[in-house]
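Hello,

Here is the structure I promised to pass on. My notes on it follow below.

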Amino acid sequence: MTAELPHPPTPHPPTSHPPIDTSRPHSARVYDWLLGGKDNYPVDQAVAEHLPIEAKTGARQNRAFMNRATAWLAGEGVTQFLDIGTGIPTAPNLHQIAQEIRPSSRVVYCDNDPIVLRHAEALLISRPEGATDYVHADVREPATIIEAARKVLDFDRPVALSLLGLLHFLPDDEDPRGILRTLTSALAPGSYVVLSQGASDVNPEGGQRGTDEYKKGGIRLALRTREEFGRFFEGLGIVEPGLVTAPEWFHGPTAPAPEASGLYVAVARLP
């Protein structure tokens, strides 16, 4: 018997918009600048323009990894996705990739930047067979996110949970591993976890420069070694090609062009 799915969400974002603080930079808007976007402010640009060139490369590689991982998961039959730390919409968005392969895919996006909320309409244009929704919340409130996502996702069936470009903005004193455990504890067996993490042991000098520039803007950056990143996957089964740099992760006959990367990535399956 097929489980009954939740009803599709109302196809528009919430009408209550918290104010956008343009006096302080936000990681989502810095990331938007690094990708060539226009939805950022001088305070964000001031941080982004002083980051090492590897930051812009890493943003592009992170986006390309999301594309490949989502396509692979959809090809494996996954039809539910929870994307935390979504960022400002950049085509193709995750739901567009998933629904191209699985039109019935349901996708819930989550971010804490009010500017992402303002653009949520772009994240809610779903194919009629599927559904999308947007949750305005902070990853540090995982139980709140899960509760809101239940309106669209059936947590008795597998879900692909992604935190991309987010872990390195969660220092250890904010308990990122505990946050991830809370999120994964709500997932059914056969679900997947998709993570990326800025590396501290690939280009230490460049990494320190990036950390210092973010710190000047009041943003804490927590780069990690490959071993430290691997600890996020304890109890999970990392799928091939394993824990690698972003350009090294792919499935299919055509590999991405080899290039240096300071971004670790992996996809793991819940037993």
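**The cores**

Of the 38 residues in the largest nonpolar core, Leu 82, Ile 84, Phe 155, Leu 161, Leu 163, Leu 195 and Phe 229 touch the most other members. A nonpolar core here is a set of buried Ala, Val, Leu, Ile, Met, Phe, Trp, Tyr and Cys residues joined through side-chain atoms within 4.5 Å. Buried means under 20% relative accessible area, exposed over 50%, and partly exposed in between, with a 1.4 Å probe and protein chains only.

At least two residues of this core come from each of β1 (80-84), β2 (106-111), β3 (131-136), α7 (142-149), β4 (160-163), α8 (176-185), β5 (192-198) and β8 (263-269). Helix α7 gives the largest share, 4 residues. Helices (H or I, at least four residues) and strands (E, at least two) are DSSP runs, numbered from the N terminus.

Before going on, two notes on the source. This is a predicted model: local features need pLDDT of at least 70, side-chain atom pairs count only at pLDDT 80 or more, and totals for chains, interfaces and linings use all residues. Residues are numbered from 1 along each chain as its sequence is written, and side-chain values use heavy atoms, with hydrogens and water left out.

Take Leu 161. Leaving aside neighbours within four places in sequence, Leu 161 is in contact (heavy atoms within 4.5 Å) with Leu 82, Ile 84, Leu 180, Leu 183, Thr 184, Leu 187, Tyr 192, Val 193 and Val 194. Another core lies apart from the largest one. That other core has 32 residues, among them Trp 72, Leu 94, Ile 97 and Tyr 109.

**Helix packing**

Start with α3 (residues 53-75) and α4 (residues 94-101). Their axes come within 9 Å and cross at roughly 30°. That makes α3 roughly parallel to α4. The cut-offs are under 35 degrees for roughly parallel, over 145 for roughly antiparallel, 65 to 115 for roughly perpendicular, and oblique for the rest. Axes are lines fitted to C-alpha atoms, for helices over the stretch in contact, and angles run from 0 to 180 degrees between N-to-C directions.

On the α3 side, Met 66, Asn 67, Thr 70, Ala 71, Ala 74 and Gly 75 meet Leu 94, Ile 97, Ala 98 and Ile 101 of α4. By class, this contact has 7 nonpolar, 3 polar and no charged residues. Ala, Val, Leu, Ile, Met, Phe, Trp, Tyr, Cys and Pro count as nonpolar, Asp, Glu, Lys and Arg as charged, and the others, Gly among them, as polar.

Within α4, the buried residues are Leu 94, His 95, Ile 97, Ala 98 and Gln 99. They pack against α3, β1, β2, α6 (120-123), β3 and β4.

Now α1 (residues 27-34). Helix α1 packs on α3 at an angle of about 95°, with the axes 9 Å apart. The two helices are therefore roughly perpendicular. Tyr 31, Trp 33 and Leu 34 of α1 make the contact with Ala 55, Lys 56, Ala 59, Asn 62 and Arg 63 of α3.

**Loops**

Two prolines follow cis peptide bonds. Pro 92 lies in the loop between β1 and α4. The other runs from Glu 240 to Pro 241, with omega near 10°. Pro 241 lies in the loop between β6 (237-238) and β7 (244-245).

Last, Asp 175. Its phi is near 55°, a positive value in a residue other than glycine. Asp 175 sits in the loop between β4 and α8. At 42% relative accessibility, Asp 175 counts as partly exposed.

Best wishes
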